[in-house]
Amino acid sequence: MQSFEQLVGAINGFVWGPVMLVLILGTGLYMQIRLGALPIRKLGYGFKQLFSGRKGQGEGEISPFNALMTSLSATIGTGNIAGVATAIGIGGPGALFWMWCTALVGMATKYSEAVLAVNFREKNADGQWVGGPMYYIRNGLSSRFGKAASILAVLFAIFGMLAGFGIGSTVQANSVAEALNHSFGIEKYVTGIVMSLLVLAVLVGGLKSIAKVAGALVPVMAIAYILAGLVILLLNASAVPDAFMLIIKAAFDPQAATGGLIGASIMIAIQMGVARGVFSNEAGLGSAPIAHAAAETDSPVRQGVVAMLGTFIDTIIVCTITGLAIVVTGVWSGDAQGAAMSASAFGKALPYGDMIISLGLAVFAFTTILGWSYYGERCAEYLFGTRINKIYRILWAAAVYFGTIMSLDLVWGVADTLNGMMAIPNLIGLLLLSPVVIKLSKAYFAEEDVKLQSSVNS
């Protein structure tokens, strides 16, 4: 087992090395520039579309609102609690700064992914709308690249199907089991059994069942977590400015920070910030557009501006709350790691704060497991047809159990590796199809400007 962990570590170092960092950040920055910072400029417009998107406008399986909630259910999870803490624990407070950078350019990536997913979606054998990177790579690039495009699409589907068992299942279950065992003394195998049965009960109903649960739980759990975090920051208001200064300073000079940062470097801070940032908001992985492709919408761009909110909410809001709570309470320089660090921060500032983290983590992870089950299932369906769906759901529930009894380091390592491999074909597809995103965006907002001008004149 030790040799396998070393192998995973070596592969992970390559997958998340300089090339991947440049590819992820570079793609997001390139799209942000090509779009004229549209995702940032249209942030308010995106929220307007979200609040009006509880009822769909066009064909699809679920409302635009529930598509985002399904996407957020898969992103707001252990990455926001354990992932942020892990990034700070290894890369120092500066890792949070690089998470912010990843999110700001990632909004353009997420926007582009959703635009392409809706534009190139199709119906499966059961008459359901399906889409995502495997479809927009094949349908958008086959005319120019032939079999090469089909191979790239298949590679994404393979990596996505396998990555789901890491980022979306075993990692989530592992973190929940650790948290509940630490706070309440619940045996890990008990957590595994209960979560497996609950997950299987929801998955029987397919996407609509997942979206219904996500639409109900995600807004409540996110608001509750943010409010708890804001209370901590208010109680430590005098320390917040210094926390921001430390985060920015440590991003460029990790040795300047004090605590457990022996041998820390800018590269480690960047690597942890980007890796955990992508793990948290999934911009560039190609997962979220699978959910957005099923939205009831009449415009790829309309769904794109809704989709980009996922990155903003997940990282700029939720991850920042977690990171600042860890820094202002000073627990980042202690011995706690992962979810235990976040629990220590909340527990230090609030009565029963560690229990709040444990319960929040359980709910977050549960919805993440549901959301990612849909992603993995759609990837498997692309490879094997709709007949694989029921089998995949059973395997998924089993993976939840085994995730609770696996080594945390091994689980995170495998998840990181599979995430990186999943992102590569998706980012290549995004770059090659960027002209499509630009064309659709210009046409949509030109039409919106005409509508606005007509309403003003009338």
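Q: What share of the 458 residues in the chain counts as buried, and what makes a residue buried?
A: Buried residues make up 59% of the 458. Buried means under 20% relative accessible area, exposed means over 50%, and partly exposed is anything in between, with a 1.4 Å probe and protein chains only. Keep in mind that this is a predicted model, where local features need pLDDT of at least 70 and side-chain atom pairs count only at pLDDT 80 or more, while totals for chains, interfaces and linings use all residues. Residues are numbered from 1 along each chain as its sequence is written, and side-chain values use heavy atoms, leaving out hydrogens and water.

Q: What makes a set of residues a nonpolar core, and which residues have the most contacts inside the largest one?
A: The members are buried Ala, Val, Leu, Ile, Met, Phe, Trp, Tyr and Cys, joined through side-chain atoms within 4.5 Å. The largest core has 142 residues, and Y111 and M134 have the most contacts inside it. Helix α15 (residues 300–328) gives the most to this core, with 15 residues. Contact here means heavy atoms within 4.5 Å. Leaving out residues up to four places away in sequence, M134 touches A153, F156, A157, I290, R378, C379 and Y382.

Q: Why is T315 called buried?
A: T315 has 0% relative accessibility, so it counts as buried. You'll find T315 in helix α15. Among the residues it touches, not counting those up to four places away in sequence, are M99, A103 and G277.

Q: Why is F159 called buried?
A: Its relative accessible area is 17%, so F159 falls on the buried side. F159 sits in helix α9 (residues 147–184). Beyond its neighbours within four places in sequence, F159 is in contact with M421, M422 and P425. G185 is 26 residues from F159 along the chain, and their C-alpha atoms are 35 Å apart.

Q: Why is I11 called partly exposed?
A: I11 comes in at 35% relative accessibility, and therefore counts as partly exposed. Look for I11 in helix α1 (residues 2–15).

Q: What makes A37 and E282 stand out in their phi angles?
A: Most residues other than glycine have a negative phi. A37 isn't a glycine, yet its phi is positive, about 60°. A37 lies in the loop between α2 (18–34) and α3 (38–41), while E282 is in the loop between α13 (266–281) and α14 (288–292).

Q: Why do A37 and E282 get the burial labels they have?
A: A37 has a relative accessible area of 25%, so it is partly exposed. For E282 the value is 0%, so it is buried.

How values were computed:
Helix = DSSP H or I, 4+ residues; strand = E, 2+ residues; numbered from the N terminus.
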